[in-house]
Amino acid sequence: VQLQASGGGLVQAGGSLRLSCAFSGRTFGSYSMGWFRQAPGKEREFVAAINWSDTNTRYAETVKGRFTISRDNAKNTVYLQMNSLKSEDTAIYYCAGGGLLSNRYNEYNYWGQGTLVTVSS
């Protein structure tokens with residue numbers, strides 16, 4: 001399985017970015033997908049997750065109302081729309097695939113390489 005994250009970059013506070021993660025090697029529609037992030041000097045933390053059938057999502061409290069996770073099973077891709085970005089959102093963002101709609105990184109089997117998001121204040 002390969003996950004390729006893209007869409008990171010430099011954005012001003014209050015701006016928006018959309019991250020994408022392309023999934024290949026297995027049946028994408030069989031997996032729940034998640035986004036995690038890791039800021040410098042901090043542990044990896046959960047951001048958002050979506051179940052395999054696109055009927056359920058969950059979010060970290062810190063991003064709820066600002067970020068939206070979605071997926072397109074026909075394109076084998078999961079997205080993270082990030083609005084109203086804050087400096088504290090600066091991190092490397094990782095996509096992950098697993099069997100459960102989970103906020104725990106150790107319940108995901110497959111990981112992408114990460115994409116850097118930098119929010120300037």
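Which residues does Y93 touch, not counting residues up to four places away in sequence?

## Y93 and the nonpolar core

In this predicted model, Y93 touches L19, W35, F36, R37, V47, F67, L80, M82, G114, T115 and V117, leaving aside residues up to four places away in sequence. Y93 also belongs to the largest nonpolar core, which holds 33 residues; W35, L80, M82 and Y93 touch the most other members.

Several elements give two or more residues to this core, among them strand 1 (2-6), strand 3 (17-24), strand 4 (32-38), strand 9 (91-98) and strand 11 (115-120). The largest share, five residues, comes from strand 5.

S32 is found in strand 4. Its relative accessibility is 3%, below the 20% limit, so S32 counts as buried.

Not counting residues up to four places away in sequence, S32 touches I50, N51, W52, R71, A96, G97, G98, G99, L100, L101 and Y108.

Four strands form an open sheet in the order 1-3-8-7, with antiparallel pairing. Strand 1 and strand 7 are the edge strands, and each pairs on one side only. On average, neighbouring strands of this sheet are turned by 15 degrees against each other, direction ignored.

Five bridges join strand 1 and strand 3 in the antiparallel sense. Q4 stands opposite A22 in strand 3.

## Aromatic pairs

The whole structure contains seven aromatic pairs. In one of them, the ring centres of Y31 and Y110 are 5.7 Å apart and the planes stand at 80 degrees, so the pair is edge-to-face. Y31 lies in the loop between strand 3 and strand 4, while Y110 lies in strand 10 (residues 108-111), so the pair ties together parts that are 79 residues apart in sequence. Y31 is buried at 12% relative accessible area, whereas Y110 counts as partly exposed at 22% relative accessibility.

F36 and F46 also form an edge-to-face pair, 5.6 Å centre to centre with 70 degrees between the planes. F36 lies in strand 4 and F46 in strand 5, so this pair ties together parts that are 10 residues apart in sequence. F36 is buried, with a relative accessible area of 1%, and F46 counts as buried at 12% relative accessibility.

## Aromatic cluster and charges over rings

F23, F28, Y31 and Y110 form one aromatic cluster. R71 lies over the face of F28, at 4.3 Å from the ring centre; R71 is also one of the residues that S32 touches.

Elsewhere, the charged end of R44 sits over the ring of Y94, 4.0 Å from its centre.

Methods:
Residues are numbered from 1 along each chain as its sequence is written. This is a predicted model: local features need pLDDT of at least 70, side-chain atom pairs count only at pLDDT 80 or more; totals for chains, interfaces and linings use all residues. Side-chain values use heavy atoms; hydrogens and water are left out. A nonpolar core is a set of buried Ala, Val, Leu, Ile, Met, Phe, Trp, Tyr and Cys residues joined through side-chain atoms within 4.5 Å. Buried means under 20% relative accessible area, exposed over 50%, partly exposed in between (1.4 Å probe, protein chains only). Contact means heavy atoms within 4.5 Å. Two strands pair if DSSP finds at least two bridges between them. Axes are lines fitted to C-alpha atoms, for helices over the stretch in contact, and angles run from 0 to 180 degrees between N-to-C directions. Rings of Phe, Tyr and Trp (its six-membered ring) pair if their centres lie within 6.5 Å; planes under 30 degrees apart count as stacked, over 60 as edge-to-face and the rest as tilted. A charge sits over a ring if NZ of Lys or CZ of Arg is within 6 Å of the ring centre and within 35 degrees of the ring normal.
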